[in-house]
Each structure stands twice: as C-alpha cells, then as structure tokens.
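Subject: Structure for you to look through

Dear colleague,

I am handing over the structure we spoke about, and below it I have set out what was found, one region at a time. Please keep the view open while you read.

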Amino acid sequence: MSGYEVNFDGLVGLTHHYAGLSFGNEASTQHRNAVSNPKLAAKQGLIKMKALADLGFQQGVLPPQERPHLPMLRKLGFSGTDENVLAQAMRTAPQLLSALSSASAMWTANAATVSPSADSADGKLHFTAANLNNKFHRAIEAETTSAVLQAIFSDRQHFVHHDALPQVALFGDEGAANHNRLGGDYAKRGVQVFVYGRQEFGGERAPTRYPARQTREASEAIARLHQLDAEQTVFLQQNPAVIDQGVFHNDVIAVSNQQVLFHHQQAFLHQQRGLDEVRRKMAAVGAELLAIEVPTARVSVADAVATYLFNSQILTKPNGRMMIVVPEESRQHEGVWRYLTEMVASGGPIDEIKVFDLRESMRNGGGPACLRLRVAMNEQELHAVNPRVMMNDRLFTTLNQWVDRYYRDRLTQDDLADPQLLREGRDALDALTSLLGLGSVYPFQQ
C-alpha cells in the first residue's frame, strides 16, 4: 500500500496583527506594533498551498479560529453586549484584547502531534491537539483545533483523536513543531523523534533567557497515547543554548523528511549520542539516516533564526529526489543562500530549492514549516479525509474570492475593538465552514 505525506496549511486569520506576544520568538517581538495586512497574509499562504498542489504534492487547508475570543474575555470578567466587552477590554486591558485577537492558529505545525497508522499498535492514525500552555494567546486554541481536526478526519475506522494534555507546565506541548518522523515510505513503519526543551523530573540543563516550551513528560505522554513502541521512539533534548538565542521550537533549528534530517551543528544537546540512537532505530525498520549537518562556521545560529533556514519544508518529488521550500529571507541572506545553492549542487538527496514570499507570517515569527501540519497516511486514509479541504484550482479560486470579500488590507491593534471586525470575522468563518464542509466548529456557531 503506497503512502503519502499531506501538508495541511493554516489560513491566516482576519485579525492577523503584530502584537509581539511570543517571548522567545525574536521575529515576533521585533515587529511589535507594525501595521499588518491580513488580506496579503492570507493570499501569500494560499499561493504557497496552490504552488505545491500544482507540483503534485497532496495539500490541504485548515481554517483560522474565531478572534477576538469573546468567550475567554467573558470568562475574565468583561460583560454586557459583545460591543461592550470589546470596549471594556480595549479601555482597561488592551494587551489582553490583543492576545485574545491573535491569528496565531495559522501556524498549524503547533496544532497537534500526528502519528501515522504504520507506527501505532492499533493500526490507526492518531492526533493529539497541542495545549500550547506556554503562551496564553495560544493556549486557547486547543478546543477549536480538536473540533476542526475531527471534522476533517472524521472516520473512526481510520482516525483517533486525543484531548490536549493537561494545561499545566509539567505537560507543556507544542505539537509537531517539536516532532519529527524519520524512515522510508510514508506508509511503512518509521521512527518518531520527540524534541523537548526541558525535563521536569531529573532533567539536565535548561535555557535561562527564554522559556523551554516543550517538556519531555509531555512528549512521553503523547508517545503512550499514540501507542508507540519504545524501539521506534527517540527523545532528544534541544540545545538550551540555542533556545536562548531565539530557537523557540525544534523546527527553527532542524527539519526532516523520510530518511533525511537537515539540522544545525548546535541543534541538540548530546547531539552525536542522540543521532546514533536515531540511526540504530532507523536501521531496525530498514531505513538509513541521512543527516545533513549545517556547520556553525557556515551558518550561525543567529543567521538561522533571522532567515528561518530550518523552518523550511523538505518534500519528496515524484522522481524520488527532494525539494526544500524556504522563505524569501533565506534567498536575501548571502551566506545562507550560498550554503543552500552549494547543498543542492552537491549530489545529495535535496536537489531543488523553492522560494516563497511569506513576509506577513515571517514578521510575526513563522515561516513555511510553521504554516503546515504534516500527516503521513496510506491510500485508504487519504480517501477518508474530508475532500473539500484539499487544494485544487476550484478551491484556490473560491478561497481567494472569500478573502477578497471579508479581509481587511490594513490592521492595527486599535482596530481590534471595532465591533464590525468581530462581525466580519464571524460572517467569514460561517461562510468558510460551509465552503469546507466542516459543520459547526466555532463557539459562536454552537
């Protein structure tokens, strides 16, 4: 049975703005209070999705979430009509309103951790929505994320959905941004690599400047929920020194595809020992690790963070060779671009570079890999996915028309209290759930 990797990209939401909410994400904090363009952001994402679909890759769409998040504002003591709630929040707690208006759900690499059926003891594809509890503006996403995933992957014969882990620091979980799967064919058994930033019980060094968002305890819990065997799981600690340089997730310092792990020289603590374990466990499933290690002397950690070199996608083309998808920032940096061009000319597994302009997302701290959730599946499972979320010519046209109708091309934090923005958002999401065949997945639809 043949296998596929389907990338589900997040549509950027209508309240996309630059609030600098993500401490530890230097791109996010550097662009705080800049004027955003939600319409352009959504269209940049759609162009990337359509381009990859046109190249023959399986590409899906995940919808944005409802923002501002009125249920949480009410839970926090703001009352009256929706208009009153927004006005009170802007007057007395504008930063709170900004957090509860974040369009951060666009970064669907944080939506969930996914384990394919080839790896799970019950032979089913497992999803665990991430609790994202290190950041308040992200911790409110899990409930809607779960509803959306269940609407898209609804066939219980093939798919299993788990609740997010408990909302406590011990089980901080950032989803697939700290998870890699290595192996051969997507439908065959592989090795799952969970990357964590700290360990609550008996751990080694932790970062001191920026928070380590993922715990080993959370990663181990997900491995148990997904019924993974110990011989096919590896737990690696991210290098705390690079977290303190702005590497807030593993996908800012490493990315994988099938047998290839593209990573920085400083990505992991005890790197050689950890990669030896990955190599041994991959050999047991009949796969050979191809590690492409980028030396610090060629690309510094600071340059990797600034250009999002590793927040890229590596995709297997129909001819079996691989393509790397990078943001425009990587092309604009002379040293990074020189490294990439030399790499693809070296005769290794990656022989092509595809560049996308994602500056609206990049300025808020997320590049190509942040925008997508990877789901490895077999042919039967692919046929069980809600077909209306899969990118094609018709959906691309429909979604661009939808964006043109509902999105603003200029947004500041002051606009978040505008009741009309809330109404525009609800109307847009109501229309979108109908277009994508999702049913009622938002609180205002209940």
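Leaving aside its neighbours within four places in sequence, which residues is Asn250 in contact with? Before the answer, please keep in mind that this is a predicted model. Asn250 lies in the loop between helix H9 (240-243) and strand S9 (254-257), and, once those sequence neighbours are set aside, its contacts are Ala177, Asn178, Asn180, Val195, Gln238 and Phe268. Because its relative accessible area is 1%, and buried means under 20%, Asn250 counts as buried.

Next come the annotated positions. An unreviewed UniProt entry lists Glu174, His249 and Cys370 under "active site". These three are spread over 197 residues of sequence, yet they cluster in space, with a largest C-alpha distance of 11.4 Å. Glu174 is in the loop between strand S5 (159-162) and strand S6 (179-182), and it is buried, with a relative accessible area of 3%.

The largest pocket has a volume of about 400 Å³. It is lined by 20 residues, and those that lie nearest its centre are His69, Ile140, Ala142, Glu143 and Thr144. By class, this lining has 12 nonpolar, 6 polar and 2 charged residues. Helix H3 (70-75) and helix H7 (142-152) are the elements that give two or more residues to the lining, and the largest share, 5 residues, comes from H7. H7 is itself mostly covered, since 8 of its 11 residues are buried, including Ala142, Thr144 and Ile152.

Finally, there is the interior. In soluble globular proteins, nonpolar side chains tend to be buried together. Here the largest nonpolar core has 59 residues, of which Phe8, Ile152, Phe153, Val375 and Val385 touch the most other members, and its largest share, 7 residues, comes from helix H2 (residues 38-54). Apart from this core lies another, of 23 residues, among them Val195, Val252, Ala254 and Tyr308.

With best wishes

Terms used. Residues numbered from 1 in each chain as written. Predicted model: local features only at pLDDT ≥ 70, side-chain atom pairs only at ≥ 80, totals over all residues. Heavy atoms only, no water. Core = buried A, V, L, I, M, F, W, Y, C linked by side-chain atoms within 4.5 Å. Buried < 20%, exposed > 50% of the residue type's maximum accessible area, 1.4 Å probe, protein only. Helix = DSSP H or I, 4+ residues; strand = E, 2+ residues; numbered from the N terminus. 1 Å grid on protein atoms, 1.4 Å probe; cavity = no way out; pocket = protein on both sides within 12 Å on 5 of 7 lines; lining within 4 Å. Points joined across faces, edges and corners; volume = space filled by probe spheres on them. Nonpolar A, V, L, I, M, F, W, Y, C, P; charged D, E, K, R; others polar. Contact = heavy atoms within 4.5 Å. UniProt positions renumbered as here; feature names shortened; annotations may be inferred.
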